[in-house]
Amino acid sequence: MAEIFFFLAAVGAVAGAAGTVMLRDAFYSVLALVCHLIFLAMLFLLLRAEFVAAAQVIVYAGAVMVLYVFVVGYVGGLEAGLAGRSGPALRVISVLFALALFVELTIALVGTGLEALTTEGAPYRTPFGEPSEVGRMFLTDYLVAFEVASLLLLIAAVGAVILARRRSGLGDSREISVTELLGRDELTKGKGEAGEMIEAGGPRDI
Amino acid sequence: MDLIWYLIVSALIFCIGAGGVLTRRNPLVVLLCLELMLNAANLALVAFARAHGDMGGQIFALMVMVVAACEVAVGLGLVVAIYRRRLPIDVDELRELQG
Amino acid sequence: MSVTTLGWLVLLAPLAGTLLIAFTSQVLPQRVHGALGTLAIAVAFVAAVLMFFGLQDRGEEERQLVSVAWDYANTVGVDIQLAILVDPLSTLMCLVVTGVSTLIHLYSYAYMRGDRGYTRFFAYLNFFVFSMLILVLAANFFLLIVGWAFVGAASYMLISFWYRRTTATAAGIKAFVINVAGDVGLVLGTYFIFKGTGTLDFLKTFEAVGTSFTENQAELVAGCILLLVGAFAKSAQVPFHTWLPDAMEGPTPVSSLIHAATMVTAGVYLIARLHPLFEHAPDAAMVGSIIGCATLLIAATIGLVVTDLKRVIAYSTMSQIGYMIMAVSSAVYAAGMFHLMTHAFFKALLFMAAGSVISAMGGNQDLDKMGGFRKVMPFTFGCMVIGGLALSGIPPFSGFFSKDEILAYMLDRGGVYVVMAILGYVGALMTAFYTFRMIFRAFFGPMSPEAEELSHGHLYHAPEPTNPATGEVEDTDVGFPGPEHHIAERAGGMKIAMGGLAVLAIVGGFLQIPGVTSELHHFLEPTFHDSELFEEIHPSVTAEWIGLLVGAVIGAVGIFGAWKIYGKGGNAAAFQARFAGVHKFFVNKWYFDEAIDFLIVRPSAWLGRFANSTFERLFVNGALVGGSSGAIRALSAAVRGIQSGYLRYYAALLLIGFSGLGAYFLISA
């Protein structure tokens with residue numbers, strides 16, 4: 001029984017991955033990835049990682065992908081210049097390379113002594129994979145990682161806000177503190193061409 | 001199932017993701033393929049955790065997810081900023097950091 | 001105090017003077033610095049006198065003392081020590097140097113007043129005296145070379161004292177370069193000697209020279225000739241003499257101290273000090289004698305025709321040094337050193353008097369423009385005449401006893417030296433002639449405008465200060481002469497100094513009256529006891545007196561000739577016209593400057609230009625610098641190509657690296 005579920009989940013995951021890579025429209029790629037994530041969660045469940053599976057669905061598929069959907073909706077997926085793949089030559093080469101990489105990895109996997117492991121896996125204690133166990137580990141063995149992770153999330157959130165902030169249009173661009181951070185804006189204002197880093201100090205005079 | 005099957009699936013997804021990173025021109029899709037590769041790693045981690053009976057693998061996988069989430073947030077912020085500047089959203093065109 | 005301690009005091013007092021003046025240069029007034037400088041040299045003179053007495057107190061055998069202060073290097077088998085040698089020769093030189101220097105400092109105290117660089121002048125003068133004393137007190141070749149080099153540097157600093165005058169700086173450079181050429185000779189000569197004897201100490205070298213070298217061995221002769229090159233460059237002998245007339249660009253006290261009394265006598269001292277070497281290599285000594293003789297003639301002929309007051313005296317110096325070099329190379333040591341002493345007196349006196357006249361002329365040195373100063377500057381005139389008579393060898397002045405004694409001794413030596421002595425008498429004739437030519441032109445004849453002004457009690461000042469040689473306009477700020485001019489009649493310091501030297505010029509000769517006194521000969525015996533020739537060459541008293549009187553007569557003839565042509569009723573222009581060709585040759589200084597320019601200066605300049613344009617440009621800039629930087633630039637350009645800016649390119653590199661790593665581990669497992 002487990003084999004059937006594994007097979008289904010594996011095929012689904014691979015299909016989702018393939019779809020992410022090959023679909024033209026960015027929006028469809030996002031949806032394909034969501035699909036992939038769900039099937040991956042199923043694989044996790046098969047591996048007795050219940051908490052991880054739940055986190056995968058809620059956080060990854062739920063929050064991160066929603067973020068993606070919003071951005072793709074804002075930026076657009078099919079406009080001229082936004083879509084498109086590279087030339088056919090590069091595509092072929094990339095595919096070949098990915099194939100080569102896969103072959104190498106497989107050789108690595110199969111050629112090693114992993115056969116030593118039994119089909120059922122190692123014996124484990126009952127709370128394996130349960131949220132209580134995850135919580136216990138976070139607060140004892142991996143406490144530092146836990147705290148750092150929270151700090152990282154804070155930084156990422158603040159960074160994302162600053163990066164994506166609106167600068168022109170509403171309000172006086174002079175009030176933006178990044179300009180002060182980069183020094184007096186006489187240094188940068190009006191001097192940057194579009195696309196240069198110097199423009200981060202203030203918008204170009206139009 | 002044998003551990004090895006999970007690992008092969010993981011490898012396959014990783015390679016598909018790698019191919020996507022090399023092939024696609026839309027930075028959003030490149031980021032998506034990057035997510036694929038991360039997920040493949042997650043799968044491998046969880047599989048090994050199950051094989052060894054060690055929870056550490058799952059904790060690691062959770063950390064990976066946290067990092068992935070942060071990276072996605074910042075990356076998407078960048079893409080939005082680029083879009084606001086009316087620059088082309090094309091990985092091949094965004095190559096100022098050269099030389 | 002022991003004699004050697006006094007020796008150190010003599011050496012260090014001028015050094016203390018220099019340092020004191022230098023370190024307080026901004027805080028004390030000018031006059032104090034002048035007084036300090038003079039005082040330092042006076043202290044050195046007193047110490048030298050005490051040293052002299054102390055030396056005489058000792059027994060005859062114990063009169064060569066070495067005092068070591070510091071042992072530099074006993075490694076690599078070279079014995080360099082900071083040691084002074086106190087013996088009669090060095091004591092004599094110390095007395096002459098410090099004594100004349102004291103008087104010249106006193107003279108400068110008054111003469112240089114008003115010059116913005118007054119303090120610097122005294123610091124340099126003290127430094128010069130210090131260097132000269134190192135030279136004469138050195139107990140080994142090393143310190144001798146150090147003193148030699150310092151003296152050259154001091155000379156350069158003092159010649160270019162008025163450093164904003166281009167003629168002065170050019171003259172300073174010329175003097176320095178020629179001196180350095182001499183230094184090279186000195187050092188190489190030292191090396192040759194050292195190679196044979198294995199020691200740098202003087203006394204030890206003298207002991208070893210007999211055993212280390214055979215008579216007239218090639219290395220010894222070569223070494224001695226190289227040492228002579230050094231001596232000639234320092235003492236302005238042909239062909240290294242071209243710097244001395246140009247050195248008259250320096251202030252008059254400098255000319256009188258350095259280029260008359262002390263520095264130019266360093267070559268004479270060298271040969272006298274190293275007499276064992278020269279006696280063991282007679283060929284080198286012969287070279288010295290011949291060059292000395294040649295110089296005295298050549299310089300005298302040029303002195304006949306130059307029109308610059310100081311340059312006449314400069315050529316006279318060159319000629320007299322030629323006498324001295326000829327003397328000490330021919331083993332006539334006592335007479336040579338005696339002439340050195342008396343020459344210091346009357347030559348310094350002549351320069352001082354010339355300085356007074358030049359001040360009266362407002363800085364102009366041209367003989368053609370001078371005249372009639374006799375009545376308005378009696379003191380200066382008197383000193384000039386005393387100096388001139390001493391120089392011409394008229395009794396009872398000092399030059400009479402010293403100069404002709406040299407010639408009498410050389411006649412006694414016989415052989416080719418007789419020829420040289422006769423040439424020496426010819427030179428004496430010319431000496432008297434040009435000396436009094438100078439005196440008659442400057443002091444007799446119709447009064448020049450400047451003399452007229454002075455007769456009204458008013459010292460002439462040029463409306464705008466100019467360079468006397470080129471006529472360029474100057475100012476009186478630092479780097480150029482000051483606005484004031486001081487003549488002897490009005491400045492006490494100058495009067496005292498000139499008076500002192502005049503007295504010495506008159507009575508100095510009485511030290512060696514033939515048959516009556518031979519103080520100097522006795523005094524110098526301990527130094528020259530190892531020389532057979534010192535005692536051998538000894539003319540009888542009669543022969544000496546005959547030689548002296550012949551010299552006096554020749555001198556009188558010379559003066560008379562000068563009077564006929566330049567004195568009252570003389571027609572100088574007609575005389576000059578008769579010998580026009582010869583005159584031109586002499587006026588151009590025998591074309592030595594042109595020859596040196598053609599042979600040495602131009603090829604060197606060409607070499608420098610060639611090196612710059614070809615070697616420097618192609619090899620150094622092109623290959624070495626350009627090549628290495630170009631290679632690195634190419635390399636970095638190649639590496640830069642990796643940073644293309646394409647994201648996918650980077651990603652691909654990443655993945656390739658990753659798979660490579662995996663493959664490596666796979667294969668090695």
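Predicted model: local features only at pLDDT ≥ 70, side-chain atom pairs only at ≥ 80, totals over all residues.
In which hand of crossing does α16(C) pass α18(C)?

Residues are numbered from 1 along each chain as its sequence is written, while chains are lettered from A and ligands numbered from 1 in the order in which they are written.

Select chain C. Chain C holds 27 helices and two strands (DSSP runs, H or I of at least four residues for helices and E of at least two for strands, numbered from the N terminus).

Next, select residues 378-392 and 416-443 of chain C, helices α16 and α18. Their axes (lines fitted to C-alpha atoms over the stretch in contact) lie 9 Å apart at an angle of about 170° (on a scale from 0 to 180 degrees between N-to-C directions). The two helices are therefore roughly antiparallel (angles over 145 degrees). α16(C) passes α18(C) in a left-handed crossing (the near helix is turned anticlockwise from the far one by less than a right angle).

Show side chains here: among the residues of α16(C) that meet α18(C) are Phe381(C), Met384(C) and Gly388(C), and those on α18(C) include Thr435(C) and Phe436(C).

Now show chains A and B. In contact (C-beta atoms, placed from the backbone, within 7 Å) are 65 residues of chain B and 77 residues of chain A. On chain B, α3(B) gives the largest share of the side touching chain A, 20 residues.

Methods: Parallel < 35°, antiparallel > 145°, perpendicular 65-115°, else oblique. Contact = placed C-beta atoms within 7 Å.
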